[in-house]
Amino acid sequence: MQKLTMSRLLLTLLLPLSLLAASPATFAQAAAPQTSTVDRIVAVVDDDVILKSELDRAEQNIRQQYAGHITELPPEDVLQKQVLERLVLARLQLTRAADSGVKVSDAELDQGVQRVADQNKMTMAQMQQQIITDGLTYDEFRKSMRDEITIQKLQQSLVQTRVAVSDTEIDSELATESAGGPQVHLAHILVGLPDGATADQIKTAQGKVDGIKELIDQGKMEFAAAAIRYSDSQNALEGGDLGWRSLDEVPPAFTEIVKTMKPGQVSQPIRGVSGFQLLKLVEIRDAGHVAPQQQTEFHAQNLMVRVGNGVTVDQAKTKIDALRAQLVAGTDFATLAKKESEDSSTSDKGGDMGWFPTNAWGSAVGNQIQQLKDGEISQPFRSDIGWHVLKRLGSRVTDISVQAARDAAREAITRRKAQDEYDNFLRQMRSEAYVDIRLSDKT
């Protein structure tokens with residue numbers, strides 16, 4: 001089995017923001033040589049602190065990710081400040097999540113841990129052993145996972161409350177795709193400016209971004225290396241990579257500029273809401289079209305006897321057997337369902353479930369409905385809430401390409417808006433927080 005470091009395990013599931021979990025190699029290295037030294041505070045974040053040992057582990061995690069091309073990383077003092085700033089933002093987000101009542105249940109955490117194991121093709125026992133072998137305890141791994149899932153839930157909550165996508169925006173996105181609109185692979189460098197920046201701050205930032213552009217144009221530094229070294233963006237340590245986007249996912253202020261660029265080209269400095277930016281158009285590709293998608297739907301009636309509230313599994317089974325016998329003897333399904341079914345969502349409609357995709361009512365119903373023929377009544381079967389009898393009324397195959405295309409367009413627009421909204425949220429949160437950085441030349 002291939003040896004996996006903790007950072008690789010986490011990165012299979014978690015966001016690039018993840019610096020909270022140190023690699024196990026770093027844990028081992030930090031534990032041995034530093035046992036004789038006193039840990040110290042490198043940052044105060046509101047009522048919390050970040051310790052030097054946390055910073056060392058997070059920084060080493062980055063260095064392990066860049067093993068083989070370590071020269072792309074900025075100087076030690078710059079990297080340290082970048083990593084510490086990420087830790088500060090992560091700590092602020094966790095505090096905001098706690099204040100907002102965002103919690104991760106043990107069940108959600110278990111599911112997240114299981115996904116990591118599944119994605120690494122490991123059993124839980126194998127992953128736990130690998131974590132221990134790599135020098136981290138399983139409890140520490142779970143705490144890091146809980147923190148990351150908490151931040152994700154905070155992001156999702158913010159998106160749900162602040163981001164809306166109109167039908168007009170979806171229509172525009174689909175029109176672009178139907179016209180063969182391209183997708184672009186972008187990278188960027190941000191020289192940030194605070195809200196209400198002074199004239200001197202703007203002048204300094206302008207000089208910095210012009211200098212970065214000159215280094216890139218003269219071939220003295222690759223764009224990705226410049227992003228790692230100089231960018232103030234959250235994705236600086238990923239070389240400023242923004243990934244593939246349709247043009248509708250590009251902020252409107254940049255769209256017209258991107259349209260005029262060729263692959264490999266770097267834009268002139270662009271003034272945006274967060275500061276000055278340099279954009280690089282890495283690649284272009286055709287967006288393609290949504291392939292026709294078909295979905296089988298079923299129409300059925302349901303009669304249910306609920307288990308619980310004093311009704312045992314055996315008692316419910318006895319009753320459903322008796323009800324099915326009446327149906328087989330010729331009793332009208334709708335009449336019996338209205339009288340006897342305990343499924344509140346369908347009983348008043350004679351058990352009619354309408355048209356639905358295979359597993360819309362759960363896997364137990366889905367498994368049964370596929371085995372029946374039109375007009376056939378199922379044998380009693382159990383779901384997680386009771387015993388059922390189904391009558392399949394019909395089946396059909398529908399084309400869901402249009403809805404699938406609209407769903408995809410909505411997701412694309414939401415991603416673009418969500419990123420912009422969350423970047424604004426992080427900047428505001430950071431500016432309002434009390435943060436005392438205590439790095440020194442001897443750090």
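These legends go with a handful of close-ups of one predicted model. Local features here need pLDDT of at least 70 and side-chain atom pairs count only at pLDDT 80 or more, while totals for chains, interfaces and linings use all residues. Numbering starts from 1 along each chain as its sequence is written, and side-chain values use heavy atoms, with hydrogens and water left out.

**View 1. An open four-stranded sheet.** The strand order is β4-β3-β6-β5, and the pairing is antiparallel. Strands here are DSSP E runs of at least two residues, helices are H or I runs of at least four, and both are numbered from the N terminus; two strands pair if DSSP finds at least two bridges between them. β4 (241-246) and β5 (270-272) sit at the edges with a single partner strand each, so one side of each has no neighbour in the sheet. From one strand to the next, the twist averages 40°. Axes are lines fitted to C-alpha atoms, for helices over the stretch in contact, with angles from 0 to 180 degrees between N-to-C directions.

View 2. β5 and β6 (residues 275-286) run antiparallel and are joined by three bridges. Look for I270, which stands opposite Q277 in β6. Helix α11 (residues 252-259) lies across β3 (182-192), β5 and β6, at about 55° to β6. Contact, by the way, means heavy atoms within 4.5 Å.

**View 3. R324, a buried arginine with no salt bridge.** R324 belongs to helix α12 (residues 313-328). It's buried, but the nearest side chain of opposite charge, E376, is 6.7 Å away. Buried stands for under 20% relative accessible area, exposed for over 50%, and partly exposed for anything in between (1.4 Å probe, protein chains only). For charges, Lys and Arg are positive and Asp and Glu negative, with His and the chain ends not counted. A salt bridge needs a side-chain nitrogen of Lys or Arg within 4 Å of a carboxyl oxygen of Asp or Glu. What does R324 touch instead? Leaving aside residues up to four places away in sequence, R324 touches I377, S378, Q379, P380 and V389.

**View 4. The buried residues of helix α14.** In α14 (residues 363-371), the buried residues are V365, G366, Q368 and I369. Their cover includes β7 (294-306), β8 (352-357), β9 (381-382) and β10 (386-399).

View 5. D56 pairs with K52, with the closest N and O atoms 2.7 Å apart. The two are four residues apart in α3 (residues 52-65), which means about one helical turn separates them. D56 is buried at 16% relative accessible area, and K52 also counts as buried, at 14%.

View 6. K153 and E108 form one of them, with the closest N and O atoms 3.1 Å apart. K153 lies in α7 (residues 138-162) and E108 in α5 (residues 106-119), so this pair links distant parts of the chain, 45 residues apart. Both ends are partly exposed: K153 at 23% and E108 at 28%. R142 and D110 also meet in a salt bridge (3.1 Å, N to O). R142 is in α7 and D110 in α5, so this pair ties together parts 32 residues apart in sequence. R142 is buried at 18%, whereas D110 is partly exposed at 39%.

**View 7. A salt-bridge network.** D167, D171, R406 and R410 are linked by salt bridges into a network. The salt-bridge count comes to 24.
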